[in-house]
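Me: I have a structure open and want to go through parts of it. Can you take my questions as they come?

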Amino acid sequence: MRGSPDPTLSIQSKRLSIQGSETPTTKPHKPLVVGIDLGTTYSAVAYVDDRGQPHTIINSEGDLTTPSAALIENQEVTIGKLALKAQITLPGNVATFAKRDIGKPTLSHPVDGRSVAPEVIESLILGRLKRDAETKLGRPITQAVITVPAYFNEPKRRSTIRAAELAGLDVLAIINEPTAAAIAYGIEKHSEILGPQTVLIYDLGGGTFDVSMVKVDHSNITVVATDGNAMLGGIDWDRCLVKWLDDQFAQTCKFRPSEVETGAAWLMQEATELKHALTSRTEVKIRLTFQSSTLITTITRSVFEDLTAHLLDRTRFTVRKLMKDSATQWEQIDQVILVGGSTRLPQVAEMITALTGMEPNLSISADEAIAHGAALYASTIPSRAAANQTGEPESGRLVISDVNAHNLGVLGIDLETRLSCNYVMIQRNTPIPVKQTTRFQTLRDDQRSVAVEIVEGGDSRGRYGTHIGKCVLGPLPAHLPAGTPVDVTFRYDRDGLMQVEARLPATGQQASIQIERHSTSVPSETVDPSDPEWSIL
Ligand SMILES: Nc1ncnc2c1ncn2[C@@H]1O[C@H](COP(=O)(O)OP(=O)(O)OP(=O)(O)O)[C@@H](O)[C@H]1O
Ligand SMILES: [Mg+2]
């Protein structure tokens with residue numbers, strides 16, 4: 001992340017003061033850093049006022065959240081509610097759930113006949129959020145703190161930052177969604193919390209699921225452990241109902257709406273509405289007409305819960321795994337805090353109560369907490385930067401300690417088995433900052449270079465991991481014997497900046513690379529273990 005935002009701030013205030021001299025009645029504003037919750041289905045923007053209170057910025061349609069949907073038709077782009085509605089009439093022109101595809105080269109479906117990069121759709125959404133916020137607050141907004149699921153990997157984080165840059169936003173920090181929720185809880189509910197608490201944040205949104213264990217002591221937020229699933233959220237519950245509705249049509253009307261061009265989008269909208277209705281009622285009567293066929297039936301909440309039990313089970317499994325991995329007993333947890341729109345499903349609170357013996361805490365806004373937390377974090381950035389420059393201790397009110405969600409390792413060859421292996425340098429859930437040095441060795445006589453392949457996640461053989469960078473040391477001196485030591489150091493700092501260094505102690509030769517979460521220079525392909533270059537040790 002950017003070390004100090006100050007140079008940008010001073011240029012901006014100069015520009016503003018020039019404008020101010022042309023229109024003497026306009027008072028120059030202090031640049032404002034907003035917090036953005038860029039969601040799979042809905043997004044929200046918040047700012048912190050002069051009294052330190054976070055507020056959600058109402059969009060141009062008067063809503064707290066904006067649908068993360070884009071309609072692209074004849075080069076014209078519409079974001080939000082209208083785009084969502086247009087799904088039925090123009091399904092091939094609407095992009096939804098782009099966050100699910102972020103980090104990949106293209107969206108899973110073409111839009112307006114073309115394949116589009118998910119970060120382009122995300123940038124269009126961010127652009128609309130930025131313009132709406134500027135209109136509402138009457139000042140330019142060029143800097144933001146953006147939240148991402150804790151379980152997002154490196155390419156997904158980088159693509160999110162790239163999307164913000166395309167939208168004209170300078171990303172001062174990327175913070176994890178459950179961490180943002182914990183900040184909102186710690187600050188907004190401070191007067192109600194007696195002393196330090198250990199809380200579990202269960203965040204089930206539209207497309208992603210995160211669970212984090214966090215120690216909250218007012219403005220001291222320490223993440224202990226995190227886990228999740230970047231491909232599990234409300235849309236998976238919707239898809240179960242889509243299938244059920246489609247089957248009902250097939251049985252009673254002898255045709256499937258899903259097989260008609262506009263049917264899939266229509267079914268999805270009806271399924272989402274039906275799901276919401278089943279949150280407030282235990283039984284819902286259905287009367288749906290599609291292309292002159294009418295389906296009349298009834299669904300109960302218990303049938304819906306049976307249809308989706310496997311999804312809820314996956315969240316329960318992840319919560320239990322987190323508790324087990326962190327060797328924590330339920331007696332040590334003070335609160336289970338629910339965030340994300342999908343936690344309105346009654347089955348979520350019931351499962352949490354059955355699992356933990358505690359009533360879940362619903363005191364922070366499921367829709368706004370994450371944007372509020374991001375805005376609160378953003379509001380402390382100028383004081384952090386000033387503190388860094390003066391060398392004084394950090395004067396910002398918030399002290400955040402996070403963990404890395406995935407293992408970070410080096411790909412190599414196991415000397416005994418001669419098979420590929422993923423040597424984990426930094427275990428998942430290690431508190432950041434962290435530094436780790438490990439001694440490896442060259443594989444062959446007269447090896448002239450060493451390639452340190454850095455991998456995030458993956459199994460012990462390095463499969464299914466994500467390649468996040470490569471540090472090449474060389475050319476090495478001729479005639480080095482096999483087994484010459486190579487020291488590899490991983491340094492991971494608080495701002496998500498990772499430095500990898502490879503050093504040959506025999507000669508003092510060294511090479512290093514920096515992996516920045518806002519850098520787009522490092523390719524983000526999936527690891528190919530058949531690449532002959534990754535042959536150290
Ligand atoms: N009353 C309700 N009952 C059930 N589900 C609901 C209700 N209200 C909203 N949802 C669901 O909540 C989800 C949206 O929640 P939220 O806005 O927190 O997600 P998001 O931020 O878009 O996604 P993510 O955080 O996963 O990227 C949608 O799937 C929506 O259908
Ligand atoms: Mg969300």
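This is a predicted model: local features need pLDDT of at least 70, side-chain atom pairs count only at pLDDT 80 or more; totals for chains, interfaces and linings use all residues.

Me: How many of the 13 residues of α5 are buried?

Reply: 10 of the 13 are buried, so α5 is largely enclosed by the rest of the structure. The cut-off for buried is under 20% relative accessible area.

Me: Which ones are the buried residues of α5?

Reply: They are E154, P155, K156, R157, R158, S159, T160, I161, A163 and A164.

Me: And what follows α5?

Reply: G168 does, with a positive phi near 85°.

Me: There's an open sheet of four strands. What's the order?

Reply: The order is β18-β17-β20-β21, and the pairing is antiparallel. β18 (420-426) and β21 (466-473) are at the edges with a single partner strand each, so one side of each has no neighbour in the sheet. From one strand to the next, the twist averages 30°.

Me: Which strands does α5 touch where it packs on the sheet?

Reply: α5 (residues 154-166) touches β20 and β21, and its direction makes about 95° with that of β21.

Me: Over how many bridges do β17 and β20 pair?

Reply: β17 (residues 408-413) and β20 (residues 450-456) pair over four bridges, in the antiparallel sense. V410 has I454 in β20 as its bridge partner, and G409 stands opposite V455 of β20.

Me: Then over how many bridges do β17 and β18 pair?

Reply: That antiparallel pairing runs over six bridges. Here L408 has I426 in β18 as its bridge partner. The hairpin of these two strands has six residues between them, and R418 takes a positive phi near 60° there.

Me: What about the faces of β17, covered or open?

Reply: Both are covered, with L408, V410 and G412 buried on one side and G409, L411 and I413 buried on the other.

Me: Changing topic. At what angle do α6 and α12 pack?

Reply: α6 (residues 177-188) and α12 (residues 369-379) pack at about 80°, with axes 7 Å apart. The two helices are therefore roughly perpendicular to each other, a term that covers angles from 65 to 115 degrees.

Me: Which residues in α6 meet which in α12?

Reply: On the α6 side they are E177, A180, A181, I183, A184, I187 and E188. On the α12 side they are A369, I370, H372, G373, A374, L376 and Y377. By class, the contact has 10 nonpolar, two polar and two charged residues.

Me: Last one, T198. Where is it found?

Reply: T198 is in strand β10 (residues 197-204).

Me: Why does T198 count as buried?

Reply: Because its relative accessibility is 14%, and the cut-off for buried is under 20%.

Me: What does T198 touch?

Reply: Leaving out residues up to four places away in sequence, T198 touches M213, V214, K215, Q332, I333, D334 and Q335.

Technical notes:
Residues are numbered from 1 along each chain as its sequence is written. Chains are lettered from A and ligands numbered from 1 in the order in which they are written. Side-chain values use heavy atoms; hydrogens and water are left out. Axes are lines fitted to C-alpha atoms, for helices over the stretch in contact, and angles run from 0 to 180 degrees between N-to-C directions. Angles under 35 degrees count as roughly parallel, over 145 as roughly antiparallel, 65 to 115 as roughly perpendicular and the rest as oblique. Contact means heavy atoms within 4.5 Å. Ala, Val, Leu, Ile, Met, Phe, Trp, Tyr, Cys and Pro count as nonpolar, Asp, Glu, Lys and Arg as charged, and the others, Gly among them, as polar. Two strands pair if DSSP finds at least two bridges between them. Buried means under 20% relative accessible area, exposed over 50%, partly exposed in between (1.4 Å probe, protein chains only).
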